[in-house]
Amino acid sequence: MPYLVQDAGHSVGVLALVDERECNGQVALFHLLIDASRQRGGYGRAALRLVIQLVGSLDGCQRLRLTVHPDNHAAVSLYLSEGFTQDGVTDDGELRFSVAVNRASVSS
Ligand SMILES: CC(C)(COP(=O)(O)OP(=O)(O)OC[C@H]1O[C@@H](n2cnc3c(N)ncnc32)[C@H](O)[C@@H]1OP(=O)(O)O)[C@@H](O)C(=O)NCCC(=O)NCCS
């Protein structure tokens, strides 16, 4: 599922979600990208929070997952500051991160 990130009708970025709930109760986030001229303006964090909210509203979804290159300090910093934790490393060296999105059902 591709998404445009927009502000007042202007496109500032993109992202994609893959629904994996039937396999593992998760949704995967791919390709979060904010236009270079708009970076550091809060759009990445705002988009990520909206994704967490959206995914948390889906039946049967416990976690949002993604992978990130270890040298991508901007993205790693963003994900850690939004509560993601590292679950492992992919075969090609990317960090596996995930965050609980439906805290009420997880804790009950
Ligand atoms: C990673 C990315 C999505 C962040 O989006 P953004 O709109 O620039 O980020 P925000 O302005 O919302 O900043 C949120 C946090 O990200 C981190 N961050 C963003 N840019 C950073 C930079 N250049 N250096 C260090 N940290 C950075 C900071 O923790 C920041 O919080 P702070 O402002 O309180 O310090 C953006 O840099 C991007 O599109 N990068 C290229 C594509 C990419 O790498 N995507 C991630 C794939 S996993």
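**A walk from the ligand shell outwards**

Helix H3 is the biggest contributor to the shell around the ligand, giving six residues. Keep in mind that this is a predicted model, where local features need pLDDT of at least 70 and side-chain atom pairs count only at pLDDT 80 or more, while totals for chains, interfaces and linings use all residues. Residues are numbered from 1 along each chain as its sequence is written. Helices (H or I, at least four residues) and strands (E, at least two) are DSSP runs, numbered from the N terminus.

Let's stay with the ligand for a moment. There are 18 residues around it, and Gln39, Gly44, Arg45, Ala74 and Leu78 come nearest; to be near, a residue must have its C-beta atom, placed from the backbone, within 6 Å of the molecule or strand in question. Three elements each supply at least two residues of the shell: strand S3 (26–34), helix H2 (43–56) and helix H3 (73–81). Sorted by class, the shell has eight nonpolar, eight polar and two charged residues. Here Ala, Val, Leu, Ile, Met, Phe, Trp, Tyr, Cys and Pro count as nonpolar, Asp, Glu, Lys and Arg as charged, and the others, Gly among them, as polar.

Alanine 74 sits in H3. Is it buried or exposed? It is exposed, because 12 other C-beta atoms lie within 10 Å; the cut-offs are 20 or more such atoms for buried, 12 or fewer for exposed, and partly exposed in between, with C-beta atoms placed from the backbone. Alanine 74 also leads us on to arginine 40: the two are 34 residues apart in sequence, yet 9.5 Å apart in space, C-alpha to C-alpha.

Arginine 40 belongs to the loop between S3 and H2. Its phi is positive, about 70°, although it is not a glycine. Most residues other than glycine have a negative phi. With 8 other C-beta atoms within 10 Å, arginine 40 is exposed. Alanine 8 counts as exposed because it has 5 C-beta neighbours inside 10 Å.

Now for the strands further along the chain. S4 (residues 63–68) and S6 (residues 95–100) pair in the antiparallel sense over six bridges; two strands pair if DSSP finds at least two bridges between them. In that pairing, arginine 63 stands opposite alanine 100 in S6. S5 (residues 85–89) is also joined to S6, by four bridges and again antiparallel, with threonine 85 partnered by serine 98. S5 and S6 make a hairpin with five residues between them, and glycine 93 in the turn has a positive phi of about 90°.

Time to zoom out. The chain holds four helices and six strands, running β-β-α-β-α-β-α-β-β-α from the N terminus on. The radius of gyration is 14 Å, close to the 13 Å that the globule rule gives for 108 residues, so the chain is as compact as a globular protein of that length. That radius is taken over C-alpha atoms, and the rule is 2.2 Å times the number of residues to the power 0.38. Along its principal axes, the C-alpha trace spans about 40 × 30 × 20 Å. Of the 108 residues, 24% count as buried. Among contacts (C-beta atoms, placed from the backbone, within 7 Å) with a separation of 6 or more, 48% come from residues 24 or more positions apart.

Key: Contact = placed C-beta atoms within 7 Å.
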